[in-house]
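Please have the model open while reading.

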Amino acid sequence: MSRQFAAEINAGYFIYKKHQYLSGVMQFKRAGKFILNKLRNELPHHLCYHSIDHTMDVYGEAERIAKEKNISDYEQKLLLTAAVFHDSGFIKTRDGHEAESCLIAREYLPAYGYQPIELELICDMIMATRIPQSPQTYLEEILCDADLDYLGRDDFFSLSNRLFNELSFEGLVKDENEWDRQQTSFMQGHHYHTANSIKLRQPKKEEYIKLVKSKL
């Protein structure tokens, strides 16, 4: 049902115009404050990449892309709710953290006025960020691009090093050579979805692929 509903949004129908009262029910700011406090207090300390800083980075980039696409305020609130919850599953697990993030969203967001169909849309956005990314709607595309925005940014190497340290701590990568091979493969298989990110981030990402490959 949620995919069909999302498709209708993409087609321009936006059914919720018939129920505009719902847009005033979501306690968006309170929900965001709640989950940020939870992340701050409960995320494992060794997560130097998947930290609250990453969540806020994704939130900021999602907001930037959304404003440039001129989406509605209601859709933006759904998108940014998904952004702030998208990695909350790391509180409990790395494997399947997206599904765990959805469980957390479903557990807590109803207390902040979110309706069942809104939870479906939010969880669809979160699940779309699972690698390999599989966005089906423009909201999902925005969140996916925001999540991996750093691949084409000036701080790529700094954030890449944080992720390397995080994975090394968990024994998921043994050395920098293995990491560079993984990065090269991942970045070559990745592509941005929104016109904004393709224009703004793709060229520099291609430069970084060459630089990382040169280290092998």
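Ile122, leaving aside neighbours within four places in sequence, is in contact (heavy atoms within 4.5 Å) with Leu78, Thr81, Ala82, Leu109 and Tyr114. The model is predicted, so local features need pLDDT of at least 70 and side-chain atom pairs count only at pLDDT 80 or more, while totals for chains, interfaces and linings use all residues. Residues are numbered from 1 along each chain as its sequence is written, and side-chain values use heavy atoms, with hydrogens and water left out.

**Nonpolar cores**

- A nonpolar core is a set of buried Ala, Val, Leu, Ile, Met, Phe, Trp, Tyr and Cys residues joined through side-chain atoms within 4.5 Å; buried means under 20% relative accessible area (1.4 Å probe, protein chains only).
- The largest nonpolar core has 43 residues, of which Leu79, Phe85, Leu109, Tyr114, Ile122 and Met125 touch the most other members.
- At least two residues of this core come from each of α2 (28-42), α3 (52-69), α4 (73-85), α5 (97-108), α6 (116-128) and α7 (138-147).
- The greatest contribution to this core is that of α4, with eight residues.
- Another core, of 16 residues, lies apart from it and includes Leu159, Leu163, Tyr208 and Ile209.

**Largest pocket**

- The largest pocket has a volume of about 650 Å³.
- Its lining comprises 26 residues, and those closest to the pocket centre are His50, Arg94, Ile131, Leu163 and Phe186.
- Two or more lining residues come from each of α5, α8 (156-169) and α9 (176-189), and α9 gives the most, with five.
- The lining divides into twelve nonpolar, eight polar and six charged residues.

Methods: Buried means under 20% relative accessible area, exposed over 50%, partly exposed in between (1.4 Å probe, protein chains only). Helices (H or I, at least four residues) and strands (E, at least two) are DSSP runs, numbered from the N terminus. On a 1 Å grid over the protein atoms alone, a cavity is a set of points where a 1.4 Å probe fits but cannot get out, and a pocket is an open set with protein on both sides within 12 Å along at least five of seven lines; lining residues have an atom within 4 Å of a point. Grid points are joined across faces, edges and corners, and a volume is the space filled by probe spheres set on the points. Ala, Val, Leu, Ile, Met, Phe, Trp, Tyr, Cys and Pro count as nonpolar, Asp, Glu, Lys and Arg as charged, and the others, Gly among them, as polar.
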